[in-house]
Amino acid sequence: MEKKNIDWSNLGFGYMVTDKRYVSMYKDGAWDDGALIEDDKIVMSEDAGVLHYSQSIFEGLKAYTTEDGRIVCFRPDLNAERMINSALRMEMPPFPAERFIDSVVQTVRANAAWVPPYGTGATLYVRPLMFGISPVIGVKPAEEYMYRVFVTPVGPYFKGGATPIAIKVSDYDRAAPRGTGHIKAGLNYAMSLLPVMEAHREGFAENLYLDPATRTKIEETGGANVIFVDEDGNLVIPTSESILPSITRRSIHYVAEHYLGLKVTERVVTLKEVEDGHFREAGLCGTAAVISPLGCINDHGKEIMFSNGMEKVGPVIQKLYDTLTGIQAGRIEAPEGWIVEICKG
Ligand code: PLP
Ligand code: COI
């Protein structure tokens, strides 16, 4: 199969219209059979539920070309499960897990020419989404839904790829306790748009959100979980009920323990501990972010620098990155079930 003529190594994190997308409709209490289609446009009522009451959820995962030329994706079962949890919280009909995985496989296979070749640094981003499409005027859930999967080739999420980034402690809150922070609902991202643009205007790559109740604990950033490396070189992962359960973070936990022999602690982490210099290294982790090293956290002008500084990646974050991306690219043997083969590249 001939690949598209794209400058793979210089891709940013952007959207490109690819050949095929998968669509399934929910109507009269059931999902239809679903199919691959060519039309990238959606026609809907001006009164569609999603347009008014934001009944919208999504997922993000990637397809990779491995060293030996296969196209694979990474732990899609966990995305399927998380999308079901997102749907239930938003009073939407869950899309069955096995159909979710099948729809991802079908869409990636149909767009194999768009999957970046091995070694280019780019990957194929897969975006499953679901939203209320039937008319709704009183505040209530829609009766009909569209589930859709499209793909787009992407490069690094943060400019500069693997160079450390600076983020700021935000004065805005991301997610209320007992709200929707733990699911992947569009509304969590809508509220982050003003804060993230303000952060960019001030020269920061992202916002670090604190827990809204006490504003003392680390939550996560707008699009990634946070991980820390302590003075002994071990991994500390902040916990909270209102952050997204990142699949990358859960994978890093396993990799750190079972591949690198690190001690891993999942616990509440306070901003004070970070300010007191308890952590040597830190990073943002997620499908888009992969593991992006942190150089500095700025708390209202006070700079908390990590030992690697703004030029270099710290040794533990580097090892985690190399191991995780090695597993995804087929250079390192994966734990059972992590890699799902889609087709030959
Ligand atoms: N946190 C937020 C708010 C996100 O949007 C994402 C991206 O999906 C993550 C964390 C990372 O999750 P994952 O590793 O499953 O992509
Ligand atoms: C992802 O990592 O898949 C996300 O959805 C995060 C978003 C900021 C692009």
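**Entry 1: aromatic rings**

I began with the aromatic side chains and found that ring pairs link Tyr22, Tyr26, Trp31, Phe95, Phe100, Tyr145 and Tyr147 into a cluster. I note at the outset that this is a predicted model. I then searched the whole structure, and the search gave 16 aromatic pairs. One of them joins tyrosine 26 and tyrosine 145, an edge-to-face pair with 6.1 Å from centre to centre and 65° between the planes. Since tyrosine 26 belongs to strand S1 and tyrosine 145 to strand S8, the pair ties together parts that lie 119 residues apart in sequence.

**Entry 2: nonpolar cores**

I next looked up the largest nonpolar core, which has 38 residues. Those with the most contacts inside this core are Ile57, Ile71, Phe100, Val108, Met130 and Tyr147. I listed the elements that give it two or more residues: the strands are S1 (21-27), S5 (61-65), S6 (70-74), S7 (123-132), S8 (145-154) and S18 (339-344), and the helices are H2 (76-89) and H3 (97-110). A second, separate core has 23 residues, including Phe228, Val236, Val274 and Leu284.

**Entry 3: helix H3**

I checked the length of H3. With 14 residues at 1.5 Å a residue, H3 should span 20 Å, and its end C-alpha atoms are 20 Å apart, which agrees. I recorded Phe100, Ser103, Val104, Val105, Thr107 and Val108 as buried in H3.

**Entry 4: ligand 1**

How many residues surround ligand 1? I found 16, and the closest are Tyr189, Glu220, Ser246, Thr248 and Thr287. An oxygen atom of ligand 1 lies 2.7 Å from a polar side-chain atom of arginine 82. I noted a distance of 2.8 Å between an oxygen atom of ligand 1 and a polar backbone atom of isoleucine 247. For threonine 248, an N or O atom of the side chain is 2.5 Å from an oxygen atom of ligand 1. Ligand 1 taken alone exposes 390 Å², of which the protein buries 96%.

**Entry 5: ligand 2**

Around ligand 2 I listed Phe58, Gly60, Tyr125, Arg127, Tyr157, Lys184, Gly223, Thr287 and Ala288. I then looked up distances from an oxygen atom of ligand 2 to an N or O atom in a side chain: 2.5 Å for tyrosine 125, 3.5 Å for arginine 127 and 2.7 Å for lysine 184. Ligand 2 taken alone exposes 280 Å², and the protein buries 90% of that.

Key. Residues are numbered from 1 along each chain as its sequence is written. Chains are lettered from A and ligands numbered from 1 in the order in which they are written. This is a predicted model: local features need pLDDT of at least 70, side-chain atom pairs count only at pLDDT 80 or more; totals for chains, interfaces and linings use all residues. Side-chain values use heavy atoms; hydrogens and water are left out. A nonpolar core is a set of buried Ala, Val, Leu, Ile, Met, Phe, Trp, Tyr and Cys residues joined through side-chain atoms within 4.5 Å. Buried means under 20% relative accessible area, exposed over 50%, partly exposed in between (1.4 Å probe, protein chains only). Helices (H or I, at least four residues) and strands (E, at least two) are DSSP runs, numbered from the N terminus. The expected span of a helix is 1.5 Å times one less than its number of residues. A residue is near a molecule or strand if one of its heavy atoms lies within 4 Å of it. A polar contact is a pair of N or O atoms within 3.5 Å; within protein, one must be able to donate a hydrogen and the other to accept it, and residues adjacent in sequence count only if both atoms are side-chain atoms. Accessible areas come from the Shrake-Rupley method with a 1.4 Å probe; for residues, only the protein chains shown count as cover. Rings of Phe, Tyr and Trp (its six-membered ring) pair if their centres lie within 6.5 Å; planes under 30 degrees apart count as stacked, over 60 as edge-to-face and the rest as tilted.
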